[in-house]
2 protein chains.
Amino acid sequence: MSADPRLLPDDLRARYRDLLARWVALPSVAAEGRAQDQTAEAVATELRALGLDVAVHATAGAPVVFAERRVPGAPTVLFYNHYDVQPADPVELWTSDPFELAERDGKLFGRGATDDKGQLASRVVALEWLKRRHGGALPVGVVFVVEGEEEVGSPNMGAYVDAHRERLQADACVWEFGGVDAHDRPQLICGLKGIVSIDLTVRTGAYDQHSGLGPVVPNAAWRMAAAVASLRDAEGRALVDGFYDRVRPATDAEAAYVANAPREDDVVAANVGVERFLGGATGAEWHRRLQLEPVINVNGIHSGYGGPGMKTVLPVAAMAKLDVRLVPDQDPHEILGLIRAHLDRHGFGDVASTLAERPEHPSRVDPTHPWVRHAAAALEEAYGTPAVVTVSSGGSGPLHPFADVLGLPVVMIGVGHAQGRAHAPDENVRWVDVERGTYATVRLIERWAGVEPQG
Amino acid sequence: MSADPRLLPDDLRARYRDLLARWVALPSVAAEGRAQDQTAEAVATELRALGLDVAVHATAGAPVVFAERRVPGAPTVLFYNHYDVQPADPVELWTSDPFELAERDGKLFGRGATDDKGQLASRVVALEWLKRRHGGALPVGVVFVVEGEEEVGSPNMGAYVDAHRERLQADACVWEFGGVDAHDRPQLICGLKGIVSIDLTVRTGAYDQHSGLGPVVPNAAWRMAAAVASLRDAEGRALVDGFYDRVRPATDAEAAYVANAPREDDVVAANVGVERFLGGATGAEWHRRLQLEPVINVNGIHSGYGGPGMKTVLPVAAMAKLDVRLVPDQDPHEILGLIRAHLDRHGFGDVASTLAERPEHPSRVDPTHPWVRHAAAALEEAYGTPAVVTVSSGGSGPLHPFADVLGLPVVMIGVGHAQGRAHAPDENVRWVDVERGTYATVRLIERWAGVEPQG
């Protein structure tokens with residue numbers, strides 16, 4: 001009786017752990033600009049060891065690690081990943097040092113374990129495994145783009161893709177994240193929302209006033225509260241004129257995937273402690289909202305006194321932060337303009353609105369594309385259960401330059417899991433997902449290239 | 001040619017400075033519970049030196065200094081003052097040590113210089129002056145109530161007055177504050193607003209969520225913004241059902257004082273940096289709103305991220321602080337109930353509302369009362385210009401127990417000025433106001449008691 005072919009060979013398992021341990025030890029926190037050159041070089045070293053031609057490209061921000069190996073007559077897969085991580089704060093909530101890989105209960109812990117160093121390590125090990133299964137050579141061409149600013153909104157990725165368009169030519173793309181859903185079903189995501197982050201500020205005078213003047217002196221806290229409240233209703237529907245005008249209707253295939261998505265709201269409700277979702281959404285409607293609806297989010301609002309007891313003050317200044325999640329074909333700059341017009345029309349001309357970060361366009365890949373179908377089949381083979389095809393994540397990222405500018409079909413699959421605590425203390429990846437997810441990547445490439453392992 | 005009789009004798013001027021210097025040196029910050037017994041004792045010492053019978057009464061909070069000297073056949077004046085002060089923060093914005101009296105440019109600087117140690121010193125010096133003008137004896141009976149918790153909402157004053165009702169019998173009352181308005185006209189205030197301070201809080205789940213979940217997960221920042229926005233309109237009018245039902249119409253005399261109040265909005269607009277007041281109010285309408293309109297103030301609102309750049313988070317918790325300024329005959333507890341009903345009716349049943357401090361009832365004294373008329377005449381005599389009779393301050397205080405429970409006519413006059421920076425760094429009192437204000441107190445008592453100085 002032969003061993004399960006899906007099991008990662010012991011030496012590749014050790015290789016995965018070793019790669020991840022070395023990368024986790026580098027505190028490449030993008031928001032703090034730390035260890036960028038050093039981590040880019042560490043990634044470049046491993047891609048060179050795979051036999052790829054590697055270059056570290058300067059950008060206006062952190063360097064991009066570019067690597068390629070074309071195979072004549074075979075298609076090329078582009079891997080988009082990032083070597084930067086979120087800050088480790090609050091450090092005191094970590095069970096062990098965030099920058100020292102630790103193993104407990106079948107999991108590997110450390111900052112970047114799942115986002116995104118653990119995913120990149122899986123791609124590297126998958127390619128080593130592929131070489132072994134195909135006589136020592138890669139059966140397809142590969143290109144890597146590993147950036148260092150994903151966690152701060154990839155401000156230089158659009159320009160990078162524009163500048164290197166020729167060298168980035170490929171036939172399909174594996175995105176930087178993916179894994180199993182809250183029910184441990186393999187998930188295959190085909191799109192990302194766009195995002196436009198907006199700072200709102202208002203100032204009503206020279207300095208805070210005694211609240212005895214309240215019947216005559218304007219109140220910045222109320223003005224900001226009212227401006228923010230006016231943007232959406234209690235069920236989350238935007239009230240900004242024209243906001244939904246460019247929302248592209250779902251295709252039949254997209255609508256079918258959403259309608260047939262297995263229920264997830266129940267376990268998410270329990271995890272996040274929510275009794276009722278917006279609009280009372282459950283089942284397929286919950287998926288439809290999450291995947292296909294744009295939304296105006298309030299990330300924060302601050303004005304005036306927030307301490308104990310009372311302080312009889314009329315605050316002179318207030319601020320709020322919004323992120324607006326967009327779907328095709330909404331345009332971030334047009335949405336910013338619509339929100340500005342809304343504020344002006346509703347008497348909030350004094351509430352200033354500015355971009356907090358470079359916006360990202362929404363993008364979706366056709367879920368009926370062969371690349372997506374091969375990925376679904378590879379996932380079912382690796383996990384023994386059908387893949388959950390998800391039309392769009394609720395999250396955002398620089399998908400637009402790859403899917404729309406380069407025109408690549410993209411799949412988001414990987415080694416993550418729903419309790420992987422990306423961005424949070426005790427970030428982790430599970431060995432069981434490393435096994436299954438890496439094998440799925442191997443099988444996706446073999447199936448798509450039409451090659452089967454030798455021997 | 002005799003000297004101006006209004007001028008404070010040199011030795012009383014020195015006495016004022018000495019009293020204020022010793023009291024300012026005691027950091028009796030109510031919010032921090034500092035130096036309470038020590039300051040009460042220092043005040044008691046000076047009132048004993050005036051020949052009064054003094055007792056320091058314990059309360060549930062800081063002690064109250066009580067003093068009295070009845071004069072058979074003469075009426076009795078009750079002085080309400082407080083020995084506590086606001087915190088000195090931000091200390092770095094003071095030109096000199098807040099707890100060391102400093103003299104610059106005809107002003108005395110220090111925490112409490114105008115609120116309220118400088119006013120209390122003026123009352124003491126006025127009584128010493130009165131004794132000198134009347135053969136060494138006070139021409140009227142006097143009672144002092146000097147509390148130590150005014151700056152934290154006088155939580156124990158109502159109970160104190162109830163408990164000592166018999167000993168507090170008097171015929172008229174001089175309130176703890178007063179002075180000249182922004183145009184240096186002597187002001188005579190006859191009422192205070194009530195106040196009810198309310199904490200609003202909301203929690204929408206177990207912990208903050210990634211904002212990719214925004215189309216389905218409730219947003220605490222939006223919910224609090226919308227709840228706060230729903231309470232009033234852009235011009236400051238309350239939208240709470242029943243809010244105005246118990247507002248007592250102004251009497252003819254009150255309406256006439258408001259209609260004839262000299263313009264003040266122009267200089268206030270310049271001082272506070274406001275281009276347009278709520279409702280576009282100017283002139284008499286500005287006074288009407290300030291004196292006769294109740295209002296719901298937002299002191300602060302806080303939820304979620306407030307730092308630089310972006311953080312794609314759905315905040316799980318939000319808070320806001322309100323103070324509601326009331327006019328007769330609004331009841332603080334009824335108003336709290338109306339706001340609760342409003343929130344429930346508008347879909348904000350999850351927004352909790354609790355009292356932040358013990359509320360205060362609104363109160364107004366009849367401006368045609370002889371005590372008020374004598375005060376206006378005394379002010380005109382001291383300042384050489386007519387007094388501005390103000391039906392109500394926009395501020396609040398424990399007037400209700402004195403005006404309504406004890407039934408005293410009350411006037412608010414004193415040595416303050418519009419740039420005295422009460423509660424702020426570089427709090428100060430001007431020598432010119434100490435001269436005029438102290439003389440006005442002397443003359444009020446002489447006119448009201450029908451006695452003229454001897455010799």
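In β12 of chain B, A:His302 has B:His302 as its bridge partner. The two strands concerned, β12(A) and β12 (residues 295–304) of chain B, pair in the antiparallel sense over five bridges; strands count as paired if DSSP finds at least two bridges between them. Helices (H or I, at least four residues) and strands (E, at least two) are DSSP runs, numbered from the N terminus. This is a predicted model, in which local features need pLDDT of at least 70 and side-chain atom pairs count only at pLDDT 80 or more, while totals for chains, interfaces and linings use all residues. Residues are numbered from 1 along each chain as its sequence is written, and chains are lettered from A and ligands numbered from 1 in the order in which they are written.

Where the chains meet, 63 residues of chain A are in contact with 63 residues of chain B (contact requires C-beta atoms, placed from the backbone, within 7 Å). On the side of chain A that touches chain B, β12(A) provides the largest share, nine residues. Elements giving two or more residues to this side include α5 (220–229) and β14 (317–326) of chain A.

Chain B also holds an open sheet of six strands, in the order β1-β2-β6-β3-β7-β18, with mixed pairing. Because β1 (53–57) and β18 (410–411) of chain B stand at the edges, each with a single partner strand, one side of each is left without a neighbour in the sheet. The partner strand β2 (residues 64–69) of chain B pairs with β1(B) in the antiparallel sense over five bridges, and B:Val54 stands opposite B:Ala67 in β2(B).

Note on methods:
Two residues are in contact if their C-beta atoms, placed from the backbone, lie within 7 Å.
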